[in-house]
Amino acid sequence: MGEEFGDCTSLSLDYSNPLKWSLLKNDPNSNLFEYFKGAIALRKQNLALQTANIDFFHENPENKVFAYLRWNDEGSRVVVVANFSDKDLADYRIPNFPANGTWHEWTGNYDVNVENNELMIDLPEYEAKVFV
């Protein structure tokens, strides 16, 4: 109820706390709103996110990192790599990446190249990367 643009007012059952739409005038709030709009569009447009197909192909309990692949039978793929630790992991290696080639990292809007089915990335603390 407004979290998608940074409204942190508690919602009451009688709706006496209206949404603070004026927050969208601030850059951080409008940027957050655009991020959520983009995430919803990605979910609607990428058919891999509309199936139940999922494969956890990397799990590292020591570093609290896991990676999974979502796909559909027509070839759409999405890979999520998540760091649940409080440590920045520089040059983190993800072996057995689903496919070689250029992947686009959606949250940061940049491309990475995967060779030998291995991805090397920097994983900041408590952050996830989404590759399409």
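I began with Asn109, which counts as exposed because its relative accessibility is 57% (buried means under 20% relative accessible area, exposed over 50%, partly exposed in between, with a 1.4 Å probe and protein chains only). I noted that this is a predicted model, where local features need pLDDT of at least 70 and side-chain atom pairs count only at pLDDT 80 or more, while totals for chains, interfaces and linings use all residues. Residues are numbered from 1 along each chain as its sequence is written, and side-chain values use heavy atoms, with hydrogens and water left out.

I placed Asn109 in the loop between strand S5 (101-105) and strand S6 (110-114) (strands are DSSP runs of E, at least two residues, and helices are runs of H or I, at least four, numbered from the N terminus). Asn109 is not a glycine, yet I found a positive phi of about 60 degrees.

I then looked up Asn117, in the loop between S6 and strand S7 (118-123). Asn117 also is not a glycine and has a positive phi, of about 50 degrees, and at 31% relative accessibility I recorded Asn117 as partly exposed.

Next I turned to Asn83, which is found in strand S3 (residues 77-83) and is buried, with a relative accessible area of 2%. I listed its polar contacts (pairs of N or O atoms within 3.5 Å; within protein, one must be able to donate a hydrogen and the other to accept it, and residues adjacent in sequence count only if both atoms are side-chain atoms). The Asn83 side chain reaches the backbone oxygen of Lys87 at 3.0 Å, and a polar atom of that side chain lies 3.2 Å from the backbone oxygen of Leu123.
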